[in-house]
Each structure stands twice: as C-alpha cells, then as structure tokens.
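Trainee: Could we go through this structure together? I would like to begin with the helices.

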Amino acid sequence: MKVTLLTHAPEPERLVACAAKLCYSASDIESLHEGLDDPQKVSRFVGMLAEMGHESPIEHMSFTFGIEGVSRSLLAQITRHRMASFSVQSQRYVREGAFEFVLPPEIEKNERAKEIYLEAMARDQRDYDELAALLKRQHTERLVAEGMEQKAAEKAAEKLAIEDARFVLPNACHTKLIVTMNARSLLNFFSQRCCNRAQWEIRALATEMLRLVRREAPTVFAKAGPPCLRGACPEGKMSCGKAQQVRRSFKSL
C-alpha cells in the first residue's frame, strides 16, 4: 500500500478560522484574514471551534490522496463514504496483465493457506487471459464481418473483451485511486475506519491518511481516530477491549 497526500489548501487551519470568523463578524470578506497571521492564535481559535462542536467551517478544508496497492475489496468499502470524490483505475479500459494483488497477513502466516491463495491468483490470471483472448477473436471476427477494418476491429475488440473478462478477477486484485475528502468527512472516516473493529486493510489506509493530514492540520485532527480516543468505546460487547493501547498508539502517530 502506498498513500500520498497530493494536494490540500494552503494554510488549511487559517482557512477554517477565516470561514468561522465570517459567521460571527460584520466585516467584509477581505478583512477576515486580519489577526490570523499568528499560527498559535489560529490554532487556539480552531481548537475552540472543535470544543464548541462547530464543525461546518472545517468543510472548507479538503485533502486529495493518491492511493496505490490496495484491493478491489477495499474499494467497495471506501466508496461507501459518499461525501468524497473518487477517480479509480478502470478494469474496463486497463488490461490486467500479470495483475498484482493483496495478500492478507493471516493467509501469509499459514503456509498451506498461502499456497492455496497463490494458486487461486495464478488460476484467475490464466482464466482472465484465456477469456480475453477468446472474446477478442470473437469480437474481431464479428466487427470485420460488419465492415470494420482489421486494425480498428482489433482495437475495439480488445476493449469489449476485457470488459467481460474482468468478471473473473478477484477482490484481491490491486487498484489505484485518487480520493478527495473535506476535513469533516475525514473525521467521520477516521472515526469509523481507524477502529480496531474495521477491516484490517482499510484500517491501515485510514491510519496512514490520518498521519499525513495531522502534519498539515494538527489542531483539527488532534483527536481524530477511533471514538475511544475521545471517551468510552461505543461498541459495547463488540469492543476490542484495548482502548488504552489504542490511545497510546494514536498519540504517537
């Protein structure tokens, strides 16, 4: 897994402070930046907003991430967070030749399980390649018969072939995506996905994303993470029972 913070608003916490001041000030917008040149003052003001629960101003702060080496299974989970923008590498248009895949740690630790898993990945690749080749020939012949030139027919047939061949690819198959979320959505995302009860892959992704944004907006994300960082665990009988350990871990993130 590789996670890169591609871009964000310059001085993101100053932007939040400016937006919040607007709510309580009769000043014109150009004057709102006055008094916000001191980073410590901005930090105190943003911290006060957090204590008040005034979250709407932080929606003006957004972050864009490049994410590589994650599974299609993770993709299904992260796109449930609908207050975000996603651009994903398409299996419809990008042929999966010798596709890379995620190997779950628990499978990797068990030699027999790992053997079965790797055999399944190799079989999926063979089936994908065979299906793609068969379908490409079928579509090429049809398109040529319909009057299309050979070269153009082969190009069109390739897309049609991999569009259907991709159905045999596993959830483990690597994908790449670019994700943009505003800070308020990220706080919700971290609360849900940094928890020990979240699936291990998306938990690792969320934790790394949190590490990256804390560098840029330390006050906004000071208490971001699973709910047990901010109080009692809300999971009841389903709790992992490791709240103290989790708190130490995120404090040193």
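Mentor: Helices here are DSSP runs of type H or I with at least four residues, numbered from the N terminus. Please keep in mind that this is a predicted model.

Trainee: Which helix holds Ile78?

Mentor: Ile78 lies in helix H3, which covers residues 72-78.

Trainee: And is Ile78 buried or exposed?

Mentor: Ile78 is buried, because its relative accessible area is 0%, and buried means under 20%.

Trainee: What does Ile78 touch, leaving out residues up to four places away in sequence?

Mentor: Ile78 touches Phe86, Leu177, Val179, Phe189, Ile202 and Leu205.

Trainee: How far apart are Ile78 and Pro57?

Mentor: They are 21 residues apart in sequence, and their C-alpha atoms are 24 Å apart in space.

Trainee: New topic: how many aromatic pairs are there?

Mentor: The count comes to five aromatic pairs. One of them joins Phe99 and Phe101 edge-to-face, at 6.2 Å centre to centre with 70 degrees between the planes. Phe189 and Phe190 form a tilted pair, with 5.9 Å between centres and 55 degrees between planes.

Trainee: Are Phe189 and Phe190 buried or exposed?

Mentor: Both are buried. Ring pairs also link Phe189 and Phe190 with Phe63 and Phe221 into a cluster.

Key
Residues are numbered from 1 along each chain as its sequence is written. This is a predicted model: local features need pLDDT of at least 70, side-chain atom pairs count only at pLDDT 80 or more; totals for chains, interfaces and linings use all residues. Side-chain values use heavy atoms; hydrogens and water are left out. Helices (H or I, at least four residues) and strands (E, at least two) are DSSP runs, numbered from the N terminus. Buried means under 20% relative accessible area, exposed over 50%, partly exposed in between (1.4 Å probe, protein chains only). Contact means heavy atoms within 4.5 Å. Rings of Phe, Tyr and Trp (its six-membered ring) pair if their centres lie within 6.5 Å; planes under 30 degrees apart count as stacked, over 60 as edge-to-face and the rest as tilted.
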